[in-house]
Each structure stands twice: as structure tokens, then as C-alpha cells.
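Hi,

Here is the structure I promised to pass on.

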Amino acid sequence: MKNNKSTEDYLECILLLSRESEYVHRVDVARRIGVSQPAVQKAIKILQENGWVECDGLHIYLTKKGEDYAAEVFERHCTIKRFLQLHGVNETDADADACEMEHALSPATYAMMKNYVENSK
């Protein structure tokens, strides 16, 4: 986890897994992100040090701080994906592109996209 993108990807993954199941396990995170379990172990340690997750040995839980941050990242992802779809991008490509773009957009660009999506409903 060398940069903010990685942190956000792990938090978003844990958020989505926690919405699917009561318990989130390291192996589930590894499978979803496509990394090794040792990579997940290292990432979880960093997330814990920053107060974003807690672990009980077997399970990973988002803290309030981590859940808020992860929800913000996921909202950005969904908004960007929808913006791209409104401009004719197919769902698969829009989802993949949103995953990359959610980390790189300036606040002004994201605000424009969010405004566009909200006014297109």
C-alpha cells in the first residue's frame, strides 16, 4: 500500500464485502482485489495503524472513520460510473474506468460530474 489509491481500493473492497456478509475475511479481500494474502495482511496492518479498520484475528471490521471514508470513495465510484454511462460508455468499461478515475479527479471535476448526474435524473 504505497499510495492513496491502494488504501481507497482496500477500504472500498472491505465496505462492499461487509455489505454482502456479516464477516469479512482476509482471503475474501485477496480474492476480490486479486492480490496475495500476505499483501492483504500488510495492507490491513497499515489500515489499522491509520484507524480505518479493526481486526479480531479472523475478521476485518471498518471503524466509523473507515466506513465514512470507504462510503465516500464508493459514492465517487458510482457517480463517475453513472456519468460515463450517461455519455454512452457501456457498463463494464464505465465500471473499470470509474475505478481508476475515482482516485485521480480534482474536487471541481468530480463536483461537475456529480451535478450532471444529479440533474439527469
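Let me start with Ala39, which counts as partly exposed because its relative accessibility is 28%. For the wording here, buried means under 20% relative accessible area, exposed means over 50%, and partly exposed is in between (1.4 Å probe, protein chains only). Ala39 sits in helix H3, residues 37-49. Its C-alpha atom is 9.7 Å from that of Arg26, 13 residues away along the chain.

Before going on, the ground rules: this is a predicted model, so local features need pLDDT of at least 70 and side-chain atom pairs count only at pLDDT 80 or more, while totals for chains, interfaces and linings use all residues. Residues are numbered from 1 along each chain as its sequence is written, and side-chain values use heavy atoms, with hydrogens and water left out. Helices (H or I, at least four residues) and strands (E, at least two) are DSSP runs, numbered from the N terminus.

Back to H3. Val40, Ala43, Ile44 and Leu47 are the buried ones in H3. Viewed down the axis, the buried residues of H3 fall within an arc of 105°, so they line one face of the helix (the arc is taken from the directions from the helix axis to the C-beta atoms). Pro38, Lys42 and Glu49 are exposed, on the face turned away from that buried side. The cover over the buried residues of H3 includes H1, H2, strand S1 (53-55) and strand S2 (60-62), where contact means heavy atoms within 4.5 Å. After H3 comes Gly51, with a positive phi near 75°.

Next, charges. The whole structure has 10 salt bridges, each being a side-chain nitrogen of Lys or Arg within 4 Å of a carboxyl oxygen of Asp or Glu. One of them joins the side chains of Glu8 and Arg76 at 3.1 Å, N to O. Glu8 is in helix H1 (residues 4-20) and Arg76 in helix H4 (residues 64-86), so this pair ties together parts 68 residues apart in sequence. Both Glu8 and Arg76 are buried.

Another salt bridge links Arg32 and Glu20, with the closest N and O atoms 2.7 Å apart. Arg32 lies in helix H2 (residues 26-33) and Glu20 in helix H1, so parts 12 residues apart in sequence are tied together. Here Arg32 is partly exposed at 38%, whereas Glu20 is exposed at 55%.

Which aromatic pairs turn up? The search of the whole structure finds two. Rings of Phe, Tyr and Trp (its six-membered ring) pair if their centres lie within 6.5 Å; planes under 30 degrees apart are stacked, over 60 edge-to-face, and the rest tilted. Trp52 and Tyr69 make a tilted pair, 5.6 Å centre to centre with 45° between the planes. Trp52 is in the loop between H3 and S1 and Tyr69 in helix H4, so the pair ties together parts 17 residues apart in sequence. Both are buried, Trp52 at 14% and Tyr69 at 16%.

Phe83 and Tyr116 have ring centres 5.4 Å apart and planes at 75°, so that pair is edge-to-face.

Cheers
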